[in-house]
Amino acid sequence: MPSMSSHRDLVASGFSETASDYDGAVRFNIEGAQRLVMAIPPGDYNDVLDVGCGTGWATQALIDRFSPARVTGVDPSEGMLEQFEAKLGAIDGIDVALVQAGVEDMPVAEASFDLAICSMAYHWFPRRWDAAKAIAQALKPGGVVAILCSGKGGEQAYRDVIADVEPINYAWLGAFDGNLRDIPEMEGYLVAAGLDPIDIWMERRVRHTTVEAYMERMRVVAGHIIGDPSEPEIADWLSQVEEKMRERSGSRGWTYDFMKLFATARKPA
Ligand SMILES: C[S@@+](CC[C@H](N)C(=O)[O-])C[C@H]1O[C@@H](n2cnc3c(N)ncnc32)[C@H](O)[C@@H]1O
């Protein structure tokens, strides 16, 4: 079984490989981060932490709503941090610090943040209970955390396709079971970390897109699972997948469900 750090490094290197394509391929994450930030209770949030900050969409939404004085972005992917730096590294009046680390061992001071956000990254964390504890530890008493991640029940049409393609890709099939969580599980992580949930909810969206756009999104967010498409066996597997997706597409293209799991919580004062 891969160790926690090797799993994290694999995910991070996958995101580094595709970092320059991320913003173009995953536009839905921008609106998701904005909806998450709109759900944060009003308040003065001067010191904010963005865990799994990626290219900075959630930080951007936080800056737009709360104008914090200091922002710390944590992410193990060097490539994603480079994109963040290019986008948000120099903003007048805001002190931006970027830390290359995983949530599990992020070197940030205890009880030092008014607000922590974690947008579309939590599902990649190999240890969810520890992640919530690490985030809770970084918050000041009374501080707020806002999390958005992939939720259970989404992507079933794609899961059905890959279950029908041979050789069976166990890594892909297992990745969905490992990544997708439901509301009670998120509540469990937060409560066990000593946080008081404010609200936890799921959003189901049915989307129509092209097979090419869907597979580009998969390449960008899960390149480490797909592997190297220049290898003939992987190329063959991908073309079988795309063929089946086309067979199952309708007049509006490839249709899939996406579940987004949102949570806000507060550390007791
Ligand atoms: C889908 S991106 C989301 C980026 C950004 N928060 C957004 O909303 O667009 C997921 C990010 O989580 C990061 N990540 C993966 N494993 C992590 C870990 N163990 N700790 C912290 N971040 C991690 C990845 O490197 C990647 O940048």
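How many bridges join strand β4 to β5, and do the two run parallel or antiparallel? Six bridges join β4 (residues 113-119) to β5, and the two strands run parallel. The model described here is predicted.

- Seven strands make up an open sheet, and their order across it is β3-β2-β1-β4-β5-β7-β6.
- The pairing in this sheet is mixed.
- β3 (95-99) and β6 (196-209) are the edge strands; each has a single partner strand, so one side of each has no neighbour in the sheet.
- From one strand to the next, the twist averages 15°.

**Strand pairs within the sheet**

- Strand β1 (residues 47-51) is joined to strand β2 (residues 70-74) by five bridges, and this pair runs parallel.
- In the pairing of β4 with β5, which is parallel, alanine 116 has valine 145 in β5 as its bridge partner.
- β6 and strand β7 (residues 254-266) run antiparallel and are joined by 13 bridges.
- Arginine 204 has methionine 259 as its bridge partner in β7.

**Burial of the strands**

- Five of the five residues of β1 are buried, so this strand is largely enclosed by the rest of the structure.
- Asp47, Leu49 and Val51 point one way from β1, while Val48 and Asp50 point the other way; all are buried.
- Strand β5 (residues 139-150) is mostly covered, with nine of its twelve residues buried.

**The shell around the ligand**

- The ligand is surrounded by 25 residues.
- The closest of these are Gly52, Gly54, Ser77, Gly102 and Ala121.
- Sorted by class, the shell has 16 nonpolar residues, seven polar residues and two charged residues.
- Three helices, α1 (4-25), α2 (28-38) and α3 (57-66), each supply at least two residues of the shell.
- The largest share comes from α1, which gives four residues.

**Helix α9**

- Helix α9 covers residues 211-226 and spans only 16 Å between its end C-alpha atoms.
- A straight helix of 16 residues would span 22 Å at 1.5 Å a residue.
- α9 has a kink of about 70°, and the kink is centred on valine 220.
- The buried residues in α9 are Tyr214, Met215, Val220, Val221 and His224.
- An α-helix has 3.6 residues a turn, so residues three or four places apart point the same way.
- Methionine 218 also lies in α9, but methionine 218 is partly exposed because 18 other C-beta atoms are within 10 Å; a buried residue needs 20 or more.
- The C-alpha atoms of methionine 218 and valine 26 are separated by 9.4 Å, although the two residues are 192 residues apart along the chain.
- Just after α9, glycine 227 has a positive phi of about 90°.

**Backbone geometry in the loops**

- Most residues other than glycine have a negative phi, and most peptide bonds are trans.
- Alanine 111 has a positive phi near 50° and is not a glycine.
- Alanine 111 sits in the loop between β3 and β4, and it counts as exposed because it has 12 C-beta neighbours inside 10 Å.
- Glutamate 155, another residue that is not a glycine, has a positive phi of about 60°.
- The place of glutamate 155 is the loop between β5 and α6; with 18 other C-beta atoms within 10 Å, glutamate 155 is partly exposed.
- The peptide bond between glutamate 166 and proline 167 is cis, with omega about 0°.
- Proline 167 belongs to the loop between α6 and α7 (170-179).

**Glutamine 156 in helix α6**

- Glutamine 156 is part of helix α6, which covers residues 156-163.
- Glutamine 156 counts as partly exposed because it has 13 C-beta neighbours inside 10 Å.
- Glutamine 156 and alanine 175 are 19 residues apart along the chain, and their C-alpha atoms are separated by 13 Å.

How values were computed:
Residues are numbered from 1 along each chain as its sequence is written. This is a predicted model: local features need pLDDT of at least 70, side-chain atom pairs count only at pLDDT 80 or more; totals for chains, interfaces and linings use all residues. A residue is near a molecule or strand if its C-beta atom, placed from the backbone, lies within 6 Å of it. Ala, Val, Leu, Ile, Met, Phe, Trp, Tyr, Cys and Pro count as nonpolar, Asp, Glu, Lys and Arg as charged, and the others, Gly among them, as polar. The expected span of a helix is 1.5 Å times one less than its number of residues. The bend at a residue is the angle between axes fitted to the seven residues ending there and the seven starting there. Two strands pair if DSSP finds at least two bridges between them. Axes are lines fitted to C-alpha atoms, for helices over the stretch in contact, and angles run from 0 to 180 degrees between N-to-C directions.
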